[in-house]
Every structure is written in structure tokens, then in C-alpha cells.
Amino acid sequence: MSRSLWPGKPYPLGASWDGRGVNFALFSENATKIELCLFDKDNKETRLELKEVNKFIWHGYVPEIGPGQRYGFRVHGPFAPHEGHRFNPNKLLIDPYAKALDGDVRFGKRIFGYPWHQSEDDLAFSESNSAPLMPKAVVIDPRFDWEGDKRLQTPWHETVIYELHVRGFTRLHPDIPPELRGTYAGLAHPAAIAHLRSIDVTAVELMPVHHYLAHPGHLAGAGLRNYWGYDSLNFFAPYSGYSASGHYGEQVREFKEMVKALHRAGIEVILDV
């Protein structure tokens, strides 16, 4: 796949779609080269070098791509662990400003920065490509009709907070359709909201909904997964595993619909971190 790359702009950070293409911007003070990596539906990778730098922000604009485009970065620079530098372009990096991620980190030897056979010395340089095991960032369509929704700003002396886990709270609720249980859409369902209103809560505090490391090594080896989510990868990306749609990028729209539905019912939304 051949793609052209225009200079673009240094702000905002992350990936920004304008209807005609996408601007990419990434901060790195010590990088010597940054490659934007675009992935097609077959996971074929196309690399484009970001040559424009403004105040350590590397940027470029790719025309004719849009929402749903999956991407990552390969960052070149010094490999000097004793000086705090561990640049390794063999490792695909997630955009820290990504609004959505596709998939989970898959546990395997290629994830690590050192060669597997030299695990006693993590100062060694790994030449294995981690891309097949890494989730890809996803360009989103930011448009959404909030229908005049605003922050409720309930006074603290009137606030009653209910802490809940999105998946756990909705998973076994008999009045939530089975296909929506365990999801943001399930929490937005009238049955879930009716229960919250019946116990007079004014806010829900959601246990981590940021995209997190679902299968860390110590759990993957035992056939288990991270249930609680206290292992965030991206603070701007809602976890795709809680989306009812099953399509990458749709978790953002579904999350916004959930917030809007809860606000409509007079319930504020607080995010646990």
C-alpha cells in the first residue's frame, strides 16, 4: 500500500481526522527518527517516516484515510539503558493519545525488550518484531450528538456514589438483554438505570474502564485474565472488551451513549484510575 505523507501540524497530539485525512503527532525529546506504521485489514504494515519536528513533536498528515484506520509507531533513538534510553524500533509502540485500541496485548517472547534467552540481563537488545502481539491504535470519528448534555455538578453534600464494575454489574442482570450484558450499552440499558435510581444514587464510580493489560504474563500462564483492570495502557481509550458492538473504534461511541443516558437519568459518571 503506497501512501503519501504531508507535513501536518504538531497539535493536537495523537491522531486527528478532519474528513479528508488524518494528522498524527507524537512527542519524543530524544528520538532520532519516528515511523508511523499503518495496518490494513490483513495486518500488512506500511511505514511512513515523520520528518517534521516542532518542539520535539514529530508530525505528519496522511490524506485519504479516516476512522477505523489502525496504526502504531516505531521510534528510533539511542539504546543506552544505563542512561535511561531504551529506544528499539523493533517494538511497535501504542500512541499514548489514542482514543481507541483494537485488541489486547498478547503475551509472548517478542513483547520483551531483551532477547528471551537473556532474561537475566534486561540490558540486552531484542531484534524480534513485537507488532503481531500488540494492539493497534485506531483513528476515531469524534462526531457525536450530545443533545445538549452537560455535567450535572451535584453538590457534594447531596452526592451518593455507587462504585461498580461495568462488566460485573451488568453481567447477570436478568432484565438486560444477554447480548448487552457486560458492556457499556448494558449499563446504559433502562433496566440498569432503573435499579440505580431505585437506590437513590447520584453518581456511579466506574472501576477502571481505560484500555488495560488484560493478560499479564503471571495470569496468562495460568489461563486467567485481569478482571479488575488496574493495569492501564491508555488513559484516553475506553476498553474495547466492554463494547457490545464488537467493532474496533465503536467502543468510543458506545461509551458516550452510556454517559449521556446516565446523565439523562440524573446520574453523574466518575472514572476510577
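This is a predicted model: local features need pLDDT of at least 70, side-chain atom pairs count only at pLDDT 80 or more; totals for chains, interfaces and linings use all residues.
Biologist: Why is Asn-88 called buried?

Modeller: Its relative accessibility is 7%, and buried means under 20%, so Asn-88 counts as buried. Asn-88 sits in the loop between strand 9 (85–86) and strand 10 (101–102).

Biologist: Which residues have the most contacts inside the largest nonpolar core?

Modeller: They are Phe-24, Ile-34, Leu-36, Leu-38, Tyr-71 and Phe-73, in a core of 29 residues. Strands 2, 3, 4, 6 and 7 each give two or more residues to this core, and strand 3 gives the most, with five. Tyr-71 touches, among others, Phe-24, Leu-36 and Leu-38. A second, separate core has 26 residues, including Phe-255 and Leu-262.

Biologist: How do you know that the length of helix 5 agrees with its number of residues?

Modeller: Helix 5 (residues 250–264) has 15 residues, which at 1.5 Å a residue should span 21 Å. The expected span uses one less than the number of residues. The end C-alpha atoms of helix 5 are 21 Å apart, so the two values agree.

Biologist: What makes helix 5 mostly covered?

Modeller: Eleven of its 15 residues are buried, among them Phe-255, Met-258 and Leu-262. The buried residues of helix 5 pack against strand 10, helix 2, helix 3, strand 13, strand 15 and strand 16. Just after helix 5, Gly-266 takes a positive phi of about 80°.

Biologist: Which residues other than glycine have a positive phi?

Modeller: Glu-147 is one of them, with phi of about 50°; Gln-153 has phi near 55°. Glu-147 lies in the loop between strand 11 (136–138) and strand 12 (161–164), and Gln-153 is in the loop between strand 11 and strand 12 as well.

Biologist: Why are Glu-147 and Gln-153 called exposed?

Modeller: Exposed means over 50%. Glu-147 has a relative accessible area of 54%, so it is exposed. Gln-153 is at 58% and therefore counts as exposed.

Biologist: What is the omega of the peptide bond from Tyr-11 to Pro-12?

Modeller: Omega is near -5°, and the bond is cis. Pro-12 is in the segment before strand 1 (14–17).

Methods. Residues are numbered from 1 along each chain as its sequence is written. Side-chain values use heavy atoms; hydrogens and water are left out. Helices (H or I, at least four residues) and strands (E, at least two) are DSSP runs, numbered from the N terminus. Buried means under 20% relative accessible area, exposed over 50%, partly exposed in between (1.4 Å probe, protein chains only). A nonpolar core is a set of buried Ala, Val, Leu, Ile, Met, Phe, Trp, Tyr and Cys residues joined through side-chain atoms within 4.5 Å. Contact means heavy atoms within 4.5 Å. Lists of a residue's contacts leave out its neighbours within four places in sequence.
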